[in-house]
Amino acid sequence: MTAKKAIVLFSGGQDSTTCLAWALSRFGRVETVGFDYGQRNGAELAARQRILSRMRSEFSDWAKRLGSDHLLSLEVLKQIGGNALTDNVKIAMSESGLPNTFVPGRNIFFLTAAAALAYRRECRDLVGGMCEADYSGYPDCRADTMEAVTHALNLGMDTHFTIHTPLMKLDKAATWAFAEQLGGKALIDLIVEETVSCYEGDREHRRAWGYGCGKCPACNLRARGYERYVSP
Ligand code: ZN
């Protein structure tokens, strides 16, 4: 445990909720930042508030350390468009070999905005759920990208940020197990009930692993990980 403050990039999904729990177990003060970039479904943004409120009411140790939540607008990503998260198009693979849910440079925008906020709030530790072990192949989730972005931020703001990515090497089954280690069954229950990973933002169909359409790549990843977590 350190007395330092961290800012967690918190989207309302499984991964960033696990990262928030990790930060709350390790930093003296934790703030959260989310981004409104014109996502087609508002389900993730709604989930953020439910998760924060349950963290405050059900985890007394964490509640003491959980500080302000910030929501920043990055509408520019919707203006640029061309992806299935902000445009009304069907999720598919594109010619580049990436799914069309890829928003070019999204994590670079997020980290730059989060770092600028952190700078103002006298915080130098950022936490994000980027993962290169079990993901859709997004190049802005790679450890190499994180290292380069850290370098650019430190040069550009003449300071010393650390970007923590506790899930970088974990597959989805390991991420479920990690959450259990951090917050026990209570955290697993919160993640299942409240977090949104589904690209469609489906809150109608409740599965063992939570709500989701059960068909999109994010649901598939979450479902397969959960199966391997409960019966390794
Ligand atoms: Zn889905």
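**Chatting through the predicted model**

Q: Hi! Where is the place of D158?
A: D158 is in the loop between helix 6 and strand 5 (162-164). Helices (H or I, at least four residues) and strands (E, at least two) are DSSP runs, numbered from the N terminus.

Q: Before we go on, what sort of model is this?
A: This is a predicted model, where local features need pLDDT of at least 70, side-chain atom pairs count only at pLDDT 80 or more, and totals for chains, interfaces and linings use all residues. Residues are numbered from 1 along each chain as its sequence is written, and side-chain values use heavy atoms, with hydrogens and water left out.

Q: Thanks. Back to D158: buried or exposed?
A: Exposed, as D158 has 72% relative accessibility. The cut-offs are under 20% relative accessible area for buried and over 50% for exposed, with partly exposed in between (1.4 Å probe, protein chains only).

Q: And what is phi of D158 near?
A: Phi of D158 is near 50°, which is a positive value in a residue other than glycine.

Q: What about E122, where is that one found?
A: E122 lies in the loop between helix 5 (106-120) and strand 4 (125-127). Its phi is near 50°, again positive in a non-glycine residue, and E122 is exposed at a relative accessible area of 72%.

Q: Let's move to T145. Which helix is T145 in?
A: Helix 6, which covers residues 143-157. T145 counts as buried because its relative accessibility is 15%.

Q: What is T145 in contact with, leaving aside neighbours within four places in sequence?
A: P139 and D140. Contact here means heavy atoms within 4.5 Å.

Q: Zooming out, how many helices and strands does the protein have?
A: There are 8 helices and 7 strands. The radius of gyration is 17 Å, close to the 17 Å that the globule rule gives for 232 residues, so the protein is as compact as a globular protein of that length. That radius is taken over C-alpha atoms, and the rule is 2.2 Å times the number of residues to the power 0.38.

Q: What does the C-alpha trace span along its principal axes?
A: About 40 × 40 × 30 Å.

Q: Nice. What share of the residues counts as buried?
A: 53% of the 232 residues.

Q: Last one: among contacts between residues at least 6 apart in sequence, what share joins residues at least 24 apart?
A: That share is 68% for the protein.
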